[in-house]
Amino acid sequence: MPRSATKAVKPRSSKASHETLSREQLLDLYYWMRLTRTLEERLVALYRQTKVVGGLFRSLGQEADAVGSAYALERRDILSPLIRNLGAMLVKGATPVEILKQYMAKADSPTRGRELNIHFGDTDRGFIGQISPLGDMVPVMAGVTLTFKMRKQDRVGLVYIGDGATSTGAFHEGINFAAVQRCPLVVIVENNGYAYSTPTAKQTAAKQFVDKAVGYGVPGAQADGNDVIAVYDVTKRAVDRARSGEGVTLIELMTYRRKGHAEHDNQSYVPPGEIERWETENDPITRYIARLTDEFEFSKADVEATDERVRKEVDDATDVAERSGFPEALDALVGIYADPPAEKPLWFREGASSVVDKHERPEGWGVWSDKKAENR
Amino acid sequence: MAEVTYLEAIREALFEEMERDKDVFCIGEDIGAYGGAFKVTEGLLAKYGEERVIDSPISEIGIVGAAAGAAHMGMRPVVEMQFIDFIANAYDMLTNYVATARYRAFLPCPMVVRGPSGGYVRGGPFHSQNPEAGFVHTPGLKVVYPATAEDAKGLMKAAIRDDDCVLFFEHKYLYRRIKAEMPAGDHVVPIGKARLAREGKDLSIITYAATVWKALEAAEQLEKEDGLSVEVLDLRSLAPLDDEAIQATVRKTNRALVVHEDTRTGGLAGEIAARINESSFAWLDAPVLRVTAHDVPLPYAPSLEDYVLPQTTDIVRAARTVAAY
């Protein structure tokens, strides 16, 4: 592990954060990682059956980074995930049914068929969906956490950014603004080696992303992103620091993207053997199973029972998600603004004028968290 | 009641809204201690403090994004672009993030982005722009551009109270050149409603912002010299457009001239002409013509700027052409 040129965040006590986790929580970390992987494997099957109507994005090999970091947050905190942070969203309360419906563009998916994949959020449960222009969520989360500060709320924000998006202006402006305002924000740079096909060496001349912290006057920390406990510890320290009013921390998590940018990507740009090496030597789930059984004294049966529980949950969720239908076409015109509630169909569409007046925004639009119980 | 300038009217609205709602806050470059490049926010810091009047780094993406995040959390930010020209830096944040938030994610984005706009002030290419068309084109954003001091105040109050993002264009030529007495009480002008600036029966000039005043001058001259009765419609809101008012004036006078200070190609005048064509073709006695700026980046020298921008004489000439059909 390269040494950071920046001042590392010092733990408040000599005890590592994870030492305060209960046995139940230690197993919980495994559950969320396994759920992430199994759910994505199910999505691959559905993708091949053409039931996923758009692209499919995997986080294979990055489950520890998403789960360990999100686990360091409290219920009241808010995070903004990236496309490879399914695990973080699950920890924050997104359900497998929602994920499946969302990928399959179902009418009762979290975005009612408007957005793709895991681009959705719920401020109530504490996650705000990303948009495709990368970097934009850093300023947005600066504003979310600025509000926490203005309202003197005991809440923290966490935003993920990929190695590639650190090159955007939005990243720079967002983290700089948050640093100046001492917003309670943790910025995690996930260095997974590639931005689509572009390796990090073509992304930055900096030796390591954590060095960027110096320029913003915030502490930087670096951790092994494939070690869920290390991720938890480093994030928890930054979260505690933010919560106590000390402002922004930049964390670089070292990980590796084992699948392509999306399912269609054949990874022809990856040197031979690289993916296989990470798979056999540095799989976050394999590593954590070893730690669970060797260090934390869980039995093989504990692990297998979790696997079984996850399999059943994903099976059940798939059954539920497949039953839902697609959105009514006219729903496309609803809710662009609070007022007016809907756009009118254009005149050249048959029956436009008759449909226009009848189509009113149904009760409950825009407050889909009301539907949470049903989705779960 | 004393008369206040267009600029003071905007400031009054900011004071009143910050007083009324503690969730309203202002953020921008040099808006606090300095009071803003044009002093629109002067006095706000002294009254409301650094928490609610935030001097930001030079970061249009950063502050528009932060405003969106704060708006999701229930705040009502008012973001200043030091010059509206710089809104281009935040174009992605406004069009990709803010404009789509409600539709794609059911995230409310009640925020205002305001700033000094427009030319006739020898500001050159980067302190004179009218970039409204790109935003009017973006579903999810509202756009207003007042021409009078009363509307500047009333629309600002409406913009701050609106549950979606409103871009508030302030014409810097009008800042200190026009004055009016403010209507008493809580003066709110609804977004989406045009204002009839002058009644007439022979010809309609449809316009907004600084060219409203040029259109009124032209109308005066046309009445004196040609005996023409010219109606002037001040749109005030550009998104949504007041189709009803546009139709009403066109169907009344049967002749329309659309005037704006923005450049011609892709400008709003084309959209308005198309709408008139679609809704009121049968009522027209003449083609709908446009008076706009030339398709040129706005130059600095008075002789150049005055040539590129539409002038009263241009409006008079064009109106005569429309009237003569």
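How many residues does the contact take from chain B and from chain A? The views below, all of a predicted model, start there.

**View 1. The contact between chain B and chain A.** Chain B gives 29 residues and chain A gives 35 residues. On the side of chain B that touches chain A, helix 3 (60-72) and helix 4 (91-105) of chain B each supply at least two residues. Helix 3 of chain B has the largest share of this side, with 10 residues. By class, the side of chain B that touches chain A holds 15 nonpolar, eight polar and six charged residues.

**View 2. Domain 1 and domain 2 of chain B.** Domain 1 covers 3-181 and domain 2 covers 195-324 of chain B. Taken over C-alpha atoms, their centres are 26 Å apart. Their contact takes 25 residues from domain 1 and 22 residues from domain 2 of chain B. On the domain 1 side, helix 5 (132-136), strand 6 (142-144), helix 6 (149-161) and strand 7 (166-171) of chain B give two or more residues. That side divides into 14 nonpolar, seven polar and four charged residues.

**View 3. Helix 2 against helix 8 in chain A.** Helix 2 (residues 63-70) and helix 8 (residues 228-243) of chain A pack at about 40°, and their axes lie 7 Å apart. The angle therefore makes helix 2 of chain A oblique to helix 8 of chain A. Their crossing is right-handed. Helix 2 of chain A contributes A:Ala64, A:Asp65, A:Val67, A:Gly68 and A:Ser69. Helix 8 of chain A contributes A:Val228, A:Ile229, A:Val231, A:Tyr232 and A:Thr235. The residues of this contact are six nonpolar, three polar and one charged.

Methods:
Residues are numbered from 1 along each chain as its sequence is written. Chains are lettered from A and ligands numbered from 1 in the order in which they are written. This is a predicted model: local features need pLDDT of at least 70, side-chain atom pairs count only at pLDDT 80 or more; totals for chains, interfaces and linings use all residues. Two residues are in contact if their C-beta atoms, placed from the backbone, lie within 7 Å. Helices (H or I, at least four residues) and strands (E, at least two) are DSSP runs, numbered from the N terminus. Ala, Val, Leu, Ile, Met, Phe, Trp, Tyr, Cys and Pro count as nonpolar, Asp, Glu, Lys and Arg as charged, and the others, Gly among them, as polar. Domain bounds come from an automatic or database domain assignment. Axes are lines fitted to C-alpha atoms, for helices over the stretch in contact, and angles run from 0 to 180 degrees between N-to-C directions. Angles under 35 degrees count as roughly parallel, over 145 as roughly antiparallel, 65 to 115 as roughly perpendicular and the rest as oblique. A crossing is left-handed if the near helix is turned anticlockwise from the far one by less than a right angle, and right-handed if clockwise.
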